[in-house]
Protein chains: 2
Amino acid sequence: MRIPLDPNSRLPLFRQIETWFRSNIESGNLPVDTKLPSTRELADELGISRITVKNAYSNLESDGVVYTREGSGTYVAPLIPVMDGRVPRPPESWPLWQLEAAGESGPPLEFSWPFKTPDGTIAFIGVGDPREFPLQDFERTVREVFRRDGINALEYGGLHAGYFPLRGTIAHILSSQGIAASPDEVLVTAGSQQALALVCQTLLKPDDVVVVEKPTYNFALELFRSLKLKIVGIPVDPQGMQVELLEPVLQQYHPRLIYTMPVFQNPSGMCMSVPRRRLLLELADRYNVPILEDDFASDLRYEAKSLPAIKSLDPGGRVIYTGTFSKMLMPGLRIGYLLAEGPVFDRLVRQKWVQDLATSNLMQHVLNTYVTVGRYQAHLRRSTRLYRKRRDALQAAIRTHLPQDVFYAVPHGGLFLWLRLPQGMSSMDLLPLAMQAGVEFSPGTRYFPDPDEGKPFIRLNFATHTPVEINEGIRRLGEVMLKLMK
Amino acid sequence: MRIPLDPNSRLPLFRQIETWFRSNIESGNLPVDTKLPSTRELADELGISRITVKNAYSNLESDGVVYTREGSGTYVAPLIPVMDGRVPRPPESWPLWQLEAAGESGPPLEFSWPFKTPDGTIAFIGVGDPREFPLQDFERTVREVFRRDGINALEYGGLHAGYFPLRGTIAHILSSQGIAASPDEVLVTAGSQQALALVCQTLLKPDDVVVVEKPTYNFALELFRSLKLKIVGIPVDPQGMQVELLEPVLQQYHPRLIYTMPVFQNPSGMCMSVPRRRLLLELADRYNVPILEDDFASDLRYEAKSLPAIKSLDPGGRVIYTGTFSKMLMPGLRIGYLLAEGPVFDRLVRQKWVQDLATSNLMQHVLNTYVTVGRYQAHLRRSTRLYRKRRDALQAAIRTHLPQDVFYAVPHGGLFLWLRLPQGMSSMDLLPLAMQAGVEFSPGTRYFPDPDEGKPFIRLNFATHTPVEINEGIRRLGEVMLKLMK
């Protein structure tokens, strides 16, 4: 097989070999099941390193152009017609049930946002800063799990409510934060989003009413909408959800769930006062409504004292509590949990089971090995120091670069700053211009049951960027605001 | 800190150190936040290796008894009251909504099976044989992904429908099996169980009718029950679902979904004939019902020719197809997929999104790197050779050890053999006795909409055990059957 190689080409040798094989396979010169020379033979023949040939073969194999038979060699694979994207079809070619499904799709999800951003955009979105994640430590843990648990880590493993040792670790962390928890009451979930979904699927049906804070977590809203729940919002003030407004709502709408983030609320950053926590618990009990307490970031506290979780005030079985490792560690782990006691726990386990049988056992083993109480607390201290500085940098940048009449309350923890735009400005007008100018934020419209209520607001994540980046991003944002105000 | 060490004790030195600290911390001799000596100091003081001290400290830290502050040292952690299991409570202490939830829980899930098995039990349950999984290869792939993708593999990553390169790989594998697939029509799911759940949540509501084969996959039945669907079963014969019986059901019940496993059906092992596949597609089209084709093991074929997937006969948008890597690789990966075109695809993506945002990005990267077409096919060839031998061993063992009047058809692929018990014997009587005797199977009652119809049957998995183990397991089963017949 004489492959013409050009040592002076800008294309590396392995790419030249790869290209030669591709074109000869596609043209039919090398028919299906033709055996390729061994890497050693070809390297000798061409007078190059075996690694170079191996690189070429491995790229060809990754793309399915060739395949290997163990102990036998490398062969030309059958040509596979992979289609290029979906071809638009006339609607009448779809069955009726498909057209009905299309009719129900609702507004586009936010991930289908139509704007494009230039390279170097500073995006005040997302959760923590991935650059701060101790990747090498984590990888070491993965290796340790393979060594110690072997194939066990790849079986279904923790069926039922999850990998038991991890449930113990979670109970331990919760207990260290003052929330009495037994491993038997902990259900491991695919992120806290799944915890929310399981609670809704277990306790609510279409047209049931759910009470939320307004503003509230956007993906919770998306979930409630997709389950066709009726959503009633209670406004948030600097003391959190205005629980005093709740009783008439309970009387009028008979909600089946109250969803709350009492600490560093997403997106407002507010904390619910303790008297309101007690009142909420009392009202929920009197009107027989479960509370779903979403504690996504309460341990990211920069000042002020820690308040007791609603769950820790619960006399028993009134509150379902959910948390996640996505914010503190990495979102791609997709491990969250819920804590619930009483008869509902077994129903939640069952709901999880029928939804997806189990969450990745390997990830549960790795997380359990990685997250000891001490290590978690150390990572927390490090993140807290870092994110506090960034919050302060964001504040400083806002004072320097944004118009005087923006309004915000300084959040004492969490990841987000909630900002009211200058009088008359809409986040929906601002966003496309900002994205063109290389700065992105999350518009307030995402966080209200009625999106229009959110137009005057934007949410800024201050955790993912360095102070220098934050300053530059807000400078750009200020310029765009000024333009819009002219 | 003078810790008494006994070099002659059977307890290793690090355990002795660990135990000494534990008891002194629990007794309060070492109060919270006491700094422990550094590992170097303590090792010097005790005249032992520093590794020994490190081992002791690391065990204490794993259990949350001590914690470390970076660059500062190791300290006594707060004592954490982890509760021991859930204490039974009087029912009146639960809120009413909890009692309602309890009332709806339905029959216990099968994982809460009450029987215990002795050590050395041969269990004809599960999926493939984990001992055959190339763990080292897989671990090498994990390392490669960390090296190549770094922190990217731990971000949310493949939002929308999943990690795009993996969607391409799946489309490629499907295309190589004759199912035209574009990556744009592939949605990555948390196992095929989630694919089933997403389809139901998108297209059905409580009280809607779903048509299934009887017998059918037990966890699909559990899912349908939990969603409060009405389940109508069409019997299976050696040519698969008896599609000729379908039309009156379509007319009478107006089902919203037809769920089928046309190849090596679980549990019966039967394949649907091609004329029936065409008839099914035609009827589904005429009556406007989507088909959900569950292809969990079609490539595990031991003889007979491969039949076209119903999806490959679909003129467009009639069939939603689902598959998984759990059977061929390892179930703990929790990666499956569905293939759907038409307007329903975006609704399925949205449903996935609100359920759990995304599936573990790391696992998707690893799987995509691990599974090239060639490697997948090589693993398949190896598994097929192995499992065919085991199927034959099971047949031989049945002929040798079971009574003459059991009945089964030899499956030409897949993992399961479906066996009718001797006249008058119930799998529910047989199971507890079998488990006492150290052999386990899956009773037929799990696979029918009306469990009573399944009493005469058992499902035997032949893939997880060696021929010697299979023979011994069936020998035990034969003995128990004989006892029961006396």
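In this predicted model, the second largest cavity is lined by 14 residues, with Ala190(A), Thr359(A), Ser360(A), Thr359(B) and Ser360(B) lying nearest its centre. Its volume comes out at about 110 Å³. Sorted by class, the lining of this second largest cavity splits into 6 nonpolar, 4 polar and 4 charged residues.

That void is one of 9 cavities of 30 Å³ or more held by the structure. The largest cavity has a volume of about 130 Å³. Of the 16 residues around the largest cavity, those closest to its centre are Asp295(B), Asp299(B), Thr324(B), Tyr337(B) and Tyr376(B). Two elements of chain B, α6 (164-176) and β10 (319-324), each put at least two residues into that lining. Class by class, the lining of the largest cavity has 10 nonpolar, 4 polar and 2 charged residues.

Next comes the contact between the chains. Chain A brings 112 residues to it and chain B brings 111. Together the two chains bury about 9,700 Å², and carbon and sulfur atoms account for 62% of that area. As for specific pairings, 25 residue pairs are in polar contact between chain A and chain B, counting pairs with both residues at pLDDT 80 or more. On the chain A side of the contact, the largest share, 11 residues, comes from helix α12 (residues 344-356). The residues on that side divide into 52 nonpolar, 32 polar and 28 charged. The salt-bridge count between chain A and chain B is 3. One salt bridge joins the side chains of Arg256(A) and Glu100(B), at 4.0 Å from N to O.

A few backbone details round out the picture. In chain B, the peptide bond from Lys214(B) to Pro215(B) is cis, with omega near 5°. Pro215(B) sits in the loop that runs between β5 (209-214) and α8 (218-226) of chain B. The bond from Asn266(B) to Pro267(B) is cis too, here with omega near 15°. Pro267(B) belongs to the loop between β8 (257-260) and α10 (274-286) of chain B. Over in chain A, Asp207(A) has a positive phi of about 80°, even though it isn't a glycine. Asp207(A) is found in the loop between α7 (191-203) and β5 (209-214) of chain A.

Notes
Residues are numbered from 1 along each chain as its sequence is written. Chains are lettered from A and ligands numbered from 1 in the order in which they are written. This is a predicted model: local features need pLDDT of at least 70, side-chain atom pairs count only at pLDDT 80 or more; totals for chains, interfaces and linings use all residues. Side-chain values use heavy atoms; hydrogens and water are left out. Contact means heavy atoms within 4.5 Å. Buried area is the accessible area (1.4 Å probe) that two parts lose on being put together, summed over both. A polar contact is a pair of N or O atoms within 3.5 Å; within protein, one must be able to donate a hydrogen and the other to accept it, and residues adjacent in sequence count only if both atoms are side-chain atoms. Helices (H or I, at least four residues) and strands (E, at least two) are DSSP runs, numbered from the N terminus. Ala, Val, Leu, Ile, Met, Phe, Trp, Tyr, Cys and Pro count as nonpolar, Asp, Glu, Lys and Arg as charged, and the others, Gly among them, as polar. On a 1 Å grid over the protein atoms alone, a cavity is a set of points where a 1.4 Å probe fits but cannot get out, and a pocket is an open set with protein on both sides within 12 Å along at least five of seven lines; lining residues have an atom within 4 Å of a point. Grid points are joined across faces, edges and corners, and a volume is the space filled by probe spheres set on the points.
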